[in-house]
Amino acid sequence: MSAQSDVAMLLMDRQEALTLTANIKHAVEDVAQLIADAHDREAWRALGYESWAGYVSGEFPFTRQRSYQLVDQGRAMRLLAAEVGRPVEVTAREAQILKKEPQRVKHVGHLVADGVDPKVAVREATHEPIRSVGRERVEWADEFARDEPQLAGIPCPRCGGTGRL
C-alpha cells in the first residue's frame, strides 16, 4: 500500500464526519448531565471521598473548576429541557449566564413557544441583551452592549423578567 492510499483510508466523508460530530456533541451533553447528577446527589460521599474536589481529582482527568463548569452546564440543560419539553444544548458560557440570570430560561421557553428553534433561542437569550420598544424587540450585539452597559441584564420583553406571561 502506498502512503497516499493509507491517508485516503483514514480520511472520512462528509456523512461520517457529521455522524461523528453528532456523537461527540451527545457525549458532551451526557457528561455534563452526569457530572451535575454526581454533584447534586453527592456521588463523592457514596464512594468515600471527603469532598467533591477529592472525587473529581481522583476519578476524572479534569480540574475542579472544569467540573463546576460541567455541573452548571448539566443543570442548565436540565432546566431548559423542563422549560421547553425537550433536550437543549448549551455551552459552558451560556450555562454561566443562565445561572446568573435564571429569568432567561423562561425567555428561552417563550421564544420556543413562538416557534424559535431551541438552540437559536438559547443563543438569543444568552448572547444579546434585549430591551422592549413598544411591541418590538430591539436586540443589541455583544459589542454594542459593551459600549452601552445600561442595556446589560435587561429582562425578557414578554414577561418583564418575572417568568410569567
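Leaving aside its neighbours within four places in sequence, with which residues is Val-108 in contact? Val-108 is in contact with Leu-80, Val-84, Ala-121, Val-122 and Ala-125, where contact means heavy atoms within 4.5 Å.

The structure is a predicted model, in which local features need pLDDT of at least 70 and side-chain atom pairs count only at pLDDT 80 or more, while totals for chains, interfaces and linings use all residues. Residues are numbered from 1 along each chain as its sequence is written, and side-chain values use heavy atoms, with hydrogens and water left out.

The chain holds nine helices and two strands, these being DSSP runs numbered from the N terminus, with H or I over at least four residues for helices and E over at least two for strands. Read from the N terminus, the order of the elements is α-α-α-α-α-α-α-α-β-β-α. Of the 165 residues in the chain, 30% are buried; buried stands for under 20% relative accessible area, exposed for over 50%, and partly exposed for what lies in between, with a 1.4 Å probe and protein chains only. The chain exposes about 10,600 Å², of which carbon and sulfur atoms supply 53%, the areas coming from the Shrake-Rupley method with a 1.4 Å probe and, for residues, with only the protein chains shown as cover. Among contacts with a separation of 6 or more, 46% join residues 24 or more positions apart.

In soluble globular proteins, nonpolar side chains tend to be buried together. Here the largest nonpolar core has 24 residues, and those with the most contacts inside it are Trp-52, Tyr-55, Leu-80, Val-90, Leu-98, Val-108 and Val-122; such a core is a set of buried Ala, Val, Leu, Ile, Met, Phe, Trp, Tyr and Cys residues joined through side-chain atoms within 4.5 Å. Two or more residues of this core are given by each of helix 2 (14–40), helix 4 (52–59), helix 5, helix 6, helix 7 and helix 8, and the largest share, six residues, comes from helix 5.

Helix 6 (residues 92–100) has Glu-94, Ala-95, Ile-97 and Leu-98 as buried residues. They lie on the same side of helix 6 because they cover an arc of only 160 degrees around the axis, the arc being that of the directions from the helix axis to the C-beta atoms. Lys-99 and Lys-100, on the other side of helix 6, are exposed. The partners against which the buried residues of helix 6 pack are helix 5 (64–84), helix 7 (103–113) and helix 8 (118–127).

From helix 8, Thr-126 touches Arg-93, Glu-94, Ile-97, Leu-98 and Arg-104, not counting residues up to four places away in sequence. Thr-126 is buried, at a relative accessible area of 5%, and its side chain reaches the backbone oxygen of Val-122 at 2.7 Å. In helix 2, Thr-21 has a polar side-chain atom 2.8 Å from the backbone oxygen of Ala-17, but Thr-21 is partly exposed, with a relative accessible area of 39%.

Helix 4 has Trp-52, Tyr-55 and Val-56 as its buried residues. Since they cover an arc of only 95 degrees around the axis, they are on the same side of helix 4. These buried residues pack against helix 2, helix 3 (43–46) and helix 5.

How many aromatic pairs are there? The count comes to five, under the rule that rings of Phe, Tyr and Trp (its six-membered ring) pair if their centres lie within 6.5 Å, with planes under 30 degrees apart counted as stacked, over 60 as edge-to-face and the rest as tilted. One of them is the tilted pair of Trp-52 and Tyr-55, with 5.3 Å centre to centre and 45 degrees between the planes. Trp-52 and Tyr-55 are three residues apart in helix 4 and therefore separated by about one helical turn. Trp-52 is buried at 4% relative accessibility, and Tyr-55 is buried with a relative accessible area of 7%. Tyr-55 also pairs with Phe-60, and this pair is edge-to-face because the ring centres are 5.3 Å apart and the planes stand at 85 degrees. Phe-60 itself is partly exposed, with a relative accessible area of 26%. Tyr-49, Trp-52, Tyr-55, Phe-60, Phe-62 and Tyr-68 form one aromatic cluster.

Definitions and conventions: A polar contact is a pair of N or O atoms within 3.5 Å; within protein, one must be able to donate a hydrogen and the other to accept it, and residues adjacent in sequence count only if both atoms are side-chain atoms.
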